[in-house]
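Biologist: Could you walk me through this one? Let's look at it together.

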Amino acid sequence: MQWIELADAGAAGGGFLGSILPLVLMFAIFYFLLIRPQQKKQKQRNAMLNALKKGDKVVTIGGVHGTISEMREDTIIVKIAENTRVTMEKGAVNQVVSSDAE
């Protein structure tokens, strides 16, 4: 019966730390595997959108390829064919294929 009393005494002493430690570890794992990489990716996307300029060849989220012909504050005009221009939000750009500088 002595071993039961010892087990109960050990559990009572480390109860709070033993119950909160797994939660802290789980939050740390979520932060480093999910939250932090997502924030880094969002920061890169914002930098790409802020660096857009006239003449950049872009691909939109919908898969449309075109060249930026005009820039406004929140919108861009993309030339997708000889006489076809489309006005869209800057956020609709998925990636820059090539730039004027290249």
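Biologist: How many aromatic pairs does the structure hold?

Modeller: This is a predicted model, where local features need pLDDT of at least 70, side-chain atom pairs count only at pLDDT 80 or more, and totals for chains, interfaces and linings use all residues. Residues are numbered from 1 along each chain as its sequence is written, and side-chain values use heavy atoms, with hydrogens and water left out. Rings of Phe, Tyr and Trp (its six-membered ring) pair if their centres lie within 6.5 Å. On that basis the number of aromatic pairs is 1.

Biologist: Which geometry do tyrosine 31 and phenylalanine 32 have, stacked or edge-to-face?

Modeller: Planes under 30 degrees apart count as stacked, over 60 as edge-to-face and the rest as tilted. Here the centres sit 5.1 Å apart with 80° between the planes, so the pair is edge-to-face.

Biologist: Is tyrosine 31 buried, partly exposed or exposed?

Modeller: Buried means under 20% relative accessible area, exposed over 50%, partly exposed in between (1.4 Å probe, protein chains only). Tyrosine 31 comes out at 29%, so it counts as partly exposed.

Biologist: And aspartate 56, buried or exposed?

Modeller: Aspartate 56 lies in the loop between H2 and strand E1 (57-60); helices (H or I, at least four residues) and strands (E, at least two) are DSSP runs, numbered from the N terminus. Its relative accessible area is 2%, so aspartate 56 is buried.

Biologist: Which backbone nitrogen does the side chain of aspartate 56 reach?

Modeller: The distance is 3.0 Å. The nitrogen belongs to lysine 53.

Key: Polar contact = N/O pair within 3.5 Å; in protein donor to acceptor, adjacent residues only side chain to side chain.
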